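Let's learn to read a protein model together by asking how we know what we say about it. Have a look at the structure first, and then we'll start.

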Amino acid sequence: LGAPHPAPGPPAALMFALGLSLANLVGYSLASAIGIACRSPSAGMQLGAMLALYSFLFCGLLVNKATLERMGEHLAQSGSAALGGLVRALPATSFMFRFLEMVLVNELGTIGAPMVDIEQRAIPGSPHYPAVHVPGPYILDFLGYNHGDEGAAGCWLDMPCAAWADLQALVLWLVAGQASCYLLLRFFVSDPH
């Protein structure tokens, strides 16, 4: 599942802070565009809440990418190829998917042995099982996230290239959100005075 490489501390922290800031700015831009487009405040609030719920639903933790890909393949085989392709593309329409992938690639994708320990909590009367060692890239692969570089040494600042791609996608989301706000303000809003 790829060769792990150590993530440097300060660049990883800087990338996390930058990704968190970009994700918040993207959410703000999209909510602002909805607020500009809707004349009714209640409709704008409802659409903004639906955007947030949609982004969190398809971010990869509640409905993971692997499940959506299997569902899309099933739909494509049953005769609805367009719907199958749409279902497979749903994670790409969630900006939170890119943020969480970037964070998890930085945290789990760079972990070498002994990896992640999963232990059973002590429940009275139940048998005790030994800790299970799970590699970080395996967890990322199970959730449908990109698990870093395939044997590469990393991109700029020795950070995984997958994390940089997610950061670039968040920047594109931000530019698209700001452009939509500008276009909505420029062409659809006029001063009533």
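Q: How many salt bridges does a search of the whole structure find?
A: The search finds two. Keep in mind as we go that this is a predicted model.

Q: What makes the pair R98 and E101 a salt bridge?
A: Good place to begin! The closest N and O atoms of R98 and E101 are 3.7 Å apart. The cut-off is 4 Å between a side-chain nitrogen of Lys or Arg and a carboxyl oxygen of Asp or Glu, so a pair at 3.7 Å qualifies.

Q: Where do R98 and E101 lie?
A: Both are in helix α5 (residues 95-107), three residues apart, which is about one turn of the helix. An α-helix has 3.6 residues a turn, so residues three or four places apart point the same way.

Q: Why is R98 called partly exposed?
A: Its relative accessible area is 29%. Partly exposed covers values between the buried limit of 20% and the exposed limit of 50%, so R98 belongs there.

Q: What makes F188 exposed?
A: Exposed means over 50%, and F188 has 64%, so F188 is exposed. F188 lies in helix α7 (residues 161-188). Along with Y182, L183, L185, F187 and V189, F188 forms a nonpolar patch on the surface, with about 680 Å² of accessible area together.

Q: How do you know that the buried residues of α3 are on the same side?
A: The buried residues are L68, G72 and L75. They cover an arc of only 65° around the axis, so they sit on the same side of α3. On the other side, R70, H74 and Q77 are exposed. What covers the buried residues includes α4 (81-88).

Q: How does the reach of helix α3 (residues 65-77) compare with what is expected?
A: From first C-alpha to last, its 13 residues reach 18 Å, close to the 18 Å expected at 1.5 Å a residue. Just after α3, G79 takes a positive phi of about 110°.

Methods. Residues numbered from 1 in each chain as written. Predicted model: local features only at pLDDT ≥ 70, side-chain atom pairs only at ≥ 80, totals over all residues. Heavy atoms only, no water. Patch = residues over 30% accessible without salt bridge, like charges linked within 9 Å, V, L, I, M, F, W, Y side chains within 5 Å. Areas by Shrake-Rupley, 256 points an atom, 1.4 Å probe, with all protein chains shown as cover. Helix = DSSP H or I, 4+ residues; strand = E, 2+ residues; numbered from the N terminus. Buried < 20%, exposed > 50% of the residue type's maximum accessible area, 1.4 Å probe, protein only. Expected span 1.5 Å × (residues − 1). Arc of directions from axis to C-beta. Contact = heavy atoms within 4.5 Å.
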